[in-house]
Amino acid sequence: MTKPILSIQKLYKTFNDRHVLNNINLDINPGEVHVILGPSGCGKSTLLRCINGLETIDQGSIKFNDIELNTRGTNWPLVRQNIGMVFQSYDLFPHMNVIDNIMLGPIKVQKRKRSETESQANELLNRVGLIEKKLAYPRELSGGQKQRIAIIRALCMNPQIMLFDEVTAPLDPEMVKEVLDVITELAAEGMTMVLVTHELNFARHIANHIVFMDQGNILEISNPKKFFDNPSSLRARTFLSALDF
């Protein structure tokens with residue numbers, strides 16, 4: 001039986017006495033893609049931030065490769081090298097060109113050689129069709145290009161799992177596909193991923209499991225066909241109906 005790379009058990013999180021996450025239980029196996037769906041404000045992004053240590057949790061357990069992360073002694077900078085995260089905002093340093101943005105973490109944090117890091121960065125830039133932009137600055141890039149660079153920057157740390165928090169939300173419709181194509185390729189290569197997205201057709205195509213949340217609760221976890229064709233919860237049926245999906 002495959003051991004989960006990430007295991008969340010009985011996780012609770014509150015903000016100012018408001019319950020944001022309630023008794024969250026979720027196991028993610030290597031190579032799986034979990035897509036988290038649900039209405040705005042249901043706790044999707046907060047869950048990702050808890051996994052990556054950007055939010056503390058009130059109680060519960062988050063284990064990565066059987067190592068408990070909910071402890072005072074957790075070395076989060078080290079953990080985040082293995083749990084990459086890409087946000088809605090690109091967070092590229094405006095004063096640095098593309099290649100330096102990508103190489104900053106591997107060189108400064110992982111202490112890797114510049115030649116090795118640049119070789120990997122060039123390979124990744126080639127894969128997403130942006131090698132000609134390696135010396136460009138963020139202000140010279142489109143939104144889709146910036147988001148692809150943000151993904152490459154995370155990948156260059158060689159993470160074991162990737163978290164994506166609505167990475168297409170700030171993009172114009174014509175730029176969405178170029179970002180989703182990169183994520184689709186990662187899934188095909190076996191990258192373990194957890195995604196929050198409102199792109200339902202993309203979710204149906206890429207996910208091994210759909211995780212549906214509402215009001216801080218996971219209401220159901222199922223395969224894409226079952227979820228989109230016959231969701232088990234009334235709230236999920238209402239959610240899909242409202243989106244005319």
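This report describes the sheet, the aromatic pairs, the pockets and the cavities of a predicted model.

## Basis of the model

Residues are numbered from 1 along each chain as its sequence is written. In this predicted model, local features need pLDDT of at least 70, side-chain atom pairs count only at pLDDT 80 or more, and totals for chains, interfaces and linings use all residues, while side-chain values use heavy atoms, with hydrogens and water left out.

An open sheet is formed by 6 strands in the order 6-7-8-3-9-10, with mixed pairing. Strand 6 and strand 10 (217–222) stand at the edges with a single partner strand each, so one side of each has no neighbour in the sheet. From one strand to the next, the twist averages 20°. Angles run from 0 to 180 degrees between N-to-C directions, with axes taken as lines fitted to C-alpha atoms, for helices over the stretch in contact. Strands (E, at least two residues) and helices (H or I, at least four) are DSSP runs, numbered from the N terminus.

Strands of a sheet pair through backbone hydrogen bonds, either parallel or antiparallel. Here, two strands count as paired if DSSP finds at least two bridges between them. Strand 3 (residues 33–37) and strand 8 are joined in the parallel sense over 4 bridges. In this region, V35 stands opposite L195 in strand 8.

## Aromatic pairs

A pair of aromatic rings is described by the distance of the centres and the angle of the planes. Rings of Phe, Tyr and Trp (its six-membered ring) pair if their centres lie within 6.5 Å; planes under 30 degrees apart are stacked, over 60 edge-to-face, and the rest tilted. The structure holds 3 aromatic pairs. In one of them, the ring centres of F212 and F239 are 5.3 Å apart and the planes are at 55°, so this pair is tilted. The pair links distant parts of the chain, since F212 belongs to strand 9 (residues 209–214) and F239 to helix 9 (residues 234–242), 27 residues apart. F212 is buried, with a relative accessible area of 0%, and F239 is buried at 9%. Buried means under 20% relative accessible area, exposed over 50%, and partly exposed in between (1.4 Å probe, protein chains only).

The rings of F227 and F228 also pair: their centres are 5.1 Å apart and their planes at 85°, so the pair is edge-to-face. F227 is buried at 0% relative accessibility, and F228 is buried at 8%. F212, F227, F228 and F239 form one aromatic cluster.

## Pockets

Pockets and cavities are found on a 1 Å grid over the protein atoms alone: a cavity is a set of points where a 1.4 Å probe fits but cannot get out, a pocket is an open set with protein on both sides within 12 Å along at least five of seven lines, and lining residues have an atom within 4 Å of a point. Grid points are joined across faces, edges and corners, and a volume is the space filled by probe spheres set on the points.

The largest pocket has a volume of about 580 Å³. Of its 26 lining residues, R80, M85, R153, A154 and M157 are the closest to the centre. Helix 2 (76–82), strand 6 (83–86), helix 3 (98–108) and helix 5 (143–155) are the elements that give two or more residues to this lining. Helix 3 gives the most, with 6 residues. By class, the lining has 16 nonpolar, 6 polar and 4 charged residues. Ala, Val, Leu, Ile, Met, Phe, Trp, Tyr, Cys and Pro count as nonpolar, Asp, Glu, Lys and Arg as charged, and the others, Gly among them, as polar.

The second largest pocket has a volume of about 160 Å³. Its lining includes C50, E55, R72 and W76, and divides into 5 nonpolar, 4 polar and 2 charged residues.

## Cavities

There are 2 cavities of 30 Å³ or more in the structure. The volume of the largest cavity is about 60 Å³. Among the residues lining the largest cavity are R127, I152 and E185. Helix 4 (114–127), helix 5 and helix 6 (173–188) each supply at least two residues of this lining, and helix 6 has the largest share, 3 residues. The lining holds 6 nonpolar, no polar and 2 charged residues.

The second largest cavity has about 40 Å³ of space. Helix 6 and strand 8 (192–196) each supply at least two residues of its lining. L195 is one of the lining residues of this cavity, and L195 also stands opposite V35. By class, the lining of the second largest cavity has 7 nonpolar, 2 polar and 1 charged residues.
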